[in-house]
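Me: I'm new to this one. Can you walk me through the structure below?

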Amino acid sequence: MSDEFANAAYSNWVSIKFILIPLVMGALFLGLTLVWPGFAILAALCLLAGVYFVYARHAFSPRGGDIQAKLWEVVLDHLDWDGKGQALDIGCGNGPLTVALARRHSDAHVTGIDTWGKAWDYSKAICEHNAEAAGVAGRTDFQKASASDLPFEDGSFDAALSNFVFHEVSDSMSNARDKRVLVREALRVVEKGGRFAFHDYFTVKAMYGELDDLLETIKGWGIAEVAFLDTSTCDFIPTPLKLPFMLGNISL
């Protein structure tokens, strides 16, 4: 694991509930095979899903492939910023990117925002603990806010980043182009000439429409340069994690 992510309480993306629910359901269906043998198929599918998520959780962890931290580093490495000024981490979770960005750039002040909903094991308190542990508490701050309505003036930040957040935002409408609204809101708070790096399922048409049209739309908002990187092809991602619902459609 990179030193930037060591000794901090960053939750695994694959929650224990993703393992327990299918395993419990599998055991239930297995018991029901005594009533009707056809339940064996459902039992097998549930147990297979549970085993898959056990594998995924291990692969994302530091003791496995550390895929989670490696993807964080991809985002940081592609934020083409000199590190001087104010930066925003949209959907900071437990603060890994907020903290790491502050550690990379001693002249930076980084703000992390999140709603810290009940669906995730994240909180503002843990963010602040991680920042304190990393020695950057004085150059970071954390606020509760939604990516759909950022509480900042236009051009408030010199840089912005976001990692696997936009597709999770539920307080925006759900048609194909509405996730673009979140991208535009994120870019609104970046000053002219600023830098950004956003990581999400940008190749999923149901969320963002056609990729070429998405890129042209962003340019139409006055963004001088937009680059696209298919991060699903990163060589550190094992094949089993390249399924569409996992990392098969990720891009930067």
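Me: What stands opposite Asp89 in E2?

Reply: Gly112 does. This is a predicted model, where local features need pLDDT of at least 70, side-chain atom pairs count only at pLDDT 80 or more, and totals for chains, interfaces and linings use all residues. Residues are numbered from 1 along each chain as its sequence is written, and side-chain values use heavy atoms, with hydrogens and water left out.

Me: How many bridges join E1 to E2?

Reply: Six, between strand E1 (residues 85-90) and strand E2 (residues 108-114). The two run parallel. Strands pair if DSSP finds at least two bridges between them. Helices (H or I, at least four residues) and strands (E, at least two) are DSSP runs, numbered from the N terminus.

Me: And which residue of E4 is opposite Asp89?

Reply: Leu161. E1 pairs with strand E4 (residues 157-163) over four bridges, in the parallel sense.

Me: What unit do E1, H4 and E2 make?

Reply: A right-handed β-α-β unit, with H4 covering residues 96-104. Right-handed means that, with the strands pointing away from the viewer, the path from the first strand over the helix to the second runs clockwise.

Me: How many residues of H4 are buried?

Reply: Seven of its nine, so H4 is mostly covered. Buried means under 20% relative accessible area, exposed over 50%, and partly exposed in between (1.4 Å probe, protein chains only). Among the buried ones are Pro96, Leu97 and Val99.

Me: What do those buried residues pack against?

Reply: H3, E1, E2, helix H5 (124-133), E3 and E4. Contact here means heavy atoms within 4.5 Å.

Me: Why is H3 called largely enclosed?

Reply: Because eight of the eleven residues of helix H3 (residues 67-77) are buried. Trp72 is one of them, and so is Gln68. The buried residues of H3 pack against helix H2 (39-60), H4, E4 and strand E5 (190-199).

Me: New topic. Is Thr140 buried or exposed?

Reply: Buried, with a relative accessible area of 9%. Thr140 lies in strand E3 (residues 140-144).

Me: What does Thr140 touch?

Reply: Leave aside neighbours within four places in sequence. Then Thr140 is in contact with Thr98, Ala102, His109, Val110 and Ala131. Thr98 and Ala102 are also among the buried residues of H4.

Me: Which backbone oxygen lies 3.1 Å from a polar atom of its side chain?

Reply: That of Val136.

Me: And Gly193, buried or exposed?

Reply: Exposed, with a relative accessible area of 60%. Gly193 sits in strand E5. Gly193 and Ala224 are 31 residues apart in sequence, yet 8.4 Å apart in space, C-alpha to C-alpha.

Me: Zoom out. How many helices and strands are there?

Reply: Eight helices and five strands in the protein chain. From the N terminus on, they run α-α-α-β-α-β-α-β-β-α-β-α-α.

Me: What is the radius of gyration?

Reply: The chain has 20 Å. A compact globule of 252 residues would be near 18 Å, which agrees. The radius is taken over C-alpha atoms, and the globule rule is 2.2 Å times the number of residues to the power 0.38. The C-alpha atoms fill a box of roughly 65 × 45 × 35 Å, taken along the principal axes.

Me: What share of the chain is buried?

Reply: Buried residues make up 46% of the 252.

Conventions. A polar contact is a pair of N or O atoms within 3.5 Å; within protein, one must be able to donate a hydrogen and the other to accept it, and residues adjacent in sequence count only if both atoms are side-chain atoms.
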